[in-house]
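I opened my notebook to write down what I looked up, one entry at a time. The sequence and the model come before the entries.

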Amino acid sequence: MARIVILTGAGVSAESGIRTFRASDGLWEEHRIEDVATPEGFARDPALVHRFYNQRRAAAAAALPNAAHLALARLEAAGAHQLLVVTQNVDDLHERAGTQNLIHMHGTLAGALCAACGHRWPAPAEMAPQDSCPRCLHPATRPDIVWFGEMPYRMEEIWAALRAADLFVSIGTSGNVYPAAGFVADARRGGVATLELNLEPSQGTRFFDEARHGPATQVVPAWVDEMLCT
């Protein structure tokens with residue numbers, strides 16, 4: 001049974017209508033990254049940040065898993081390979097497609113986090129600065145999202161899985177956000193085979209053993225079909 005670690009990025013969810021993280025003009029949904037995706041931005045204007053993620057939460061809830069999400073879930077369900085999906089995405093489309101062995105390294109829109117005591121709980125559809133933590137009662141509720149300047153979740157577990165893998169596959173990611181952009185180099189150092197599936201060559205394409213380019217809804221199902229035939 002081959003051990004496969006799959007990294008997914010915004011390109012996997014783009015065809016479900018979820019806009020990619022950073023547009024060519026450097027903005028995310030018409031907002032500066034510094035204003036909505038940093039602890040400093042939250043400290044300056046928590047109401048703005050909550051409004052922003054309330055909108056993202058609503059957009060994710062309205063979206064549906066696409067053929068790429070469904071293909072990865074089909075590969076896992078077939079049971080021929082030991083699969084771990086590590087996603088940079090904060091939507092729940094992988095879960096709704098059926099993927100079970102999943103790590104949200106950048107957090108999830110479905111979660112709320114207390115900035116005072118660290119307690120986590122399911123996020124309501126809308127959150128506001130005055131919302132209090134159900135554990136400590138402090139009004140320090142924030143989205144359970146990893147912002148710039150913060151450490152992604154479960155990194156030790158991810159690194160261990162990479163080093164034990166037979167194959168690392170990067171899907172729909174630009175290859176310019178660390179630490180995820182460094183996964184391919186770490187895999188290669190351990191002798192792990194590497195494959196990129198992306199709309200276009202990423203910044204790290206040259207580091208992969210093989211790269212296939214095209215829409216995720218086409219290249220991912222095609223690759224999964226190949227894996228299930230071997």
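**Entry 1, an arginine.** In which strand is the place of Arg142? I found Arg142 in strand E8, where helices (H or I, at least four residues) and strands (E, at least two) are DSSP runs, numbered from the N terminus. Before going on I noted that this is a predicted model, in which local features need pLDDT of at least 70 and side-chain atom pairs count only at pLDDT 80 or more, while totals for chains, interfaces and linings use all residues. I also noted that residues are numbered from 1 along each chain as its sequence is written, and that side-chain values use heavy atoms, with hydrogens and water left out.

I looked up the accessibility of Arg142 and read 7%, so Arg142 counts as buried (buried means under 20% relative accessible area, exposed over 50%, partly exposed in between, with a 1.4 Å probe and protein chains only). Its side chain reaches the backbone oxygen of Ile145 at 2.5 Å. Leaving aside neighbours within four places in sequence, I listed the contacts of Arg142 (heavy atoms within 4.5 Å), and among them are Phe42, His50, Met127, Trp147 and Glu150. Arg142 also lies over the face of Trp147, at 3.8 Å from the ring centre; for this, NZ of Lys or CZ of Arg must be within 6 Å of the ring centre and within 35 degrees of the ring normal.

I then followed Trp147, which is buried with a relative accessible area of 3%. Rings of Phe, Tyr and Trp (its six-membered ring) pair if their centres lie within 6.5 Å, and planes under 30 degrees apart count as stacked, over 60 as edge-to-face and the rest as tilted. By this rule I have six aromatic pairs in my count.

I read 2% relative accessibility for Tyr53, so Tyr53 counts as buried. Phe42, Phe52, Tyr53 and Trp147 form one aromatic cluster, and Arg56 lies over the face of Phe52, at 4.7 Å from the ring centre.

I looked next for nonpolar cores, which are sets of buried Ala, Val, Leu, Ile, Met, Phe, Trp, Tyr and Cys residues joined through side-chain atoms within 4.5 Å. The largest has 21 residues, and Ile6 and Trp223 are among the members that touch the most others. Strand E1 (2-8), helix H5 (67-78) and helix H9 (216-229) are among the elements that each supply at least two residues, and the largest share, six residues, comes from H9. Apart from this core lies another, of 18 residues, including Val5 and Phe183.

Finally I turned to H5, whose buried residues include Ala68, Leu72 and Glu76. Among the elements that cover the buried residues of H5 are E1, E4 and H9. Just after H5, Gly79 takes a positive phi of about 75°.

How values were computed:
Polar contact = N/O pair within 3.5 Å; in protein donor to acceptor, adjacent residues only side chain to side chain.
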